[in-house]
Amino acid sequence: MNMSSKKRMAAVALTVAALSLGSIGVASADDKGAAKSAAHAANKAAHDANHAAKEALVATTIGVDAATIKTRLAAGETLGAIAGAKKDALIAALVDFKSKNIDAAVTAGKLTAAQATTMKAGLTAHVTERVNAVRGEGKGPKEGKGPKGPKPPKAPRP
């Protein structure tokens, strides 16, 4: 990992810590809306930190900077094609990363051991499928069925 990646990871960690501490202060308020909002902010910060860590893992594993990866994905390349000869190493690294996240969810009580076992059973196949998929593939409308179009304007309330 080069120095700028280490600095970026340190900055992400500090940001998550600051957001988490700020969220804890807000969550102690009596207002349930504020507590819910603080929990949402903490979850978002944790999600963003996890995403940044995964992005850094991909970049370091295949030796291509994150900006180049994003550009190439947007151009229609698969992550597997970008990784080239390092594709198998990338899949192994991502499976390990996701396994650790599943284990952390079990430790935090968010998943049962049985749920974790089920999730891990198909993990390599799922990661391989995602690495070989074109970005956004499978998210569009089904063939022959277009979007419904814009919603009509709402009628005025009486």
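Me: What is a nonpolar core, and which residues have the most contacts inside the largest one here?

Reply: A nonpolar core is a set of buried Ala, Val, Leu, Ile, Met, Phe, Trp, Tyr and Cys residues joined through side-chain atoms within 4.5 Å, where buried means under 20% relative accessible area, exposed over 50% and partly exposed in between, with a 1.4 Å probe and protein chains only. This is a predicted model, in which local features need pLDDT of at least 70 and side-chain atom pairs count only at pLDDT 80 or more, while totals for chains, interfaces and linings use all residues. Residues are numbered from 1 along each chain as its sequence is written, and side-chain values use heavy atoms, with hydrogens and water left out. The largest nonpolar core has 18 residues, and those with the most contacts inside it are Val58, Ile62, Ile69, Leu79, Leu90, Val127 and Val131.

Me: Which helix supplies the largest share of this core?

Reply: Helices are DSSP runs of H or I with at least four residues, strands are E runs of at least two, and both are numbered from the N terminus. The largest share, 5 residues, comes from α5, and α2 (32-62), α3, α4, α5 (87-107) and α7 (123-132) each supply at least two residues.

Me: Which residues is Val58 in contact with, beyond its neighbours within four places in sequence?

Reply: Contact means heavy atoms within 4.5 Å, and with those neighbours left aside Val58 is in contact with Ile69, Leu79, Leu90 and Leu94.

Me: Is Ala116 buried or exposed?

Reply: Ala116, which lies in helix α6 (residues 113-121), is buried, with a relative accessible area of 6%.
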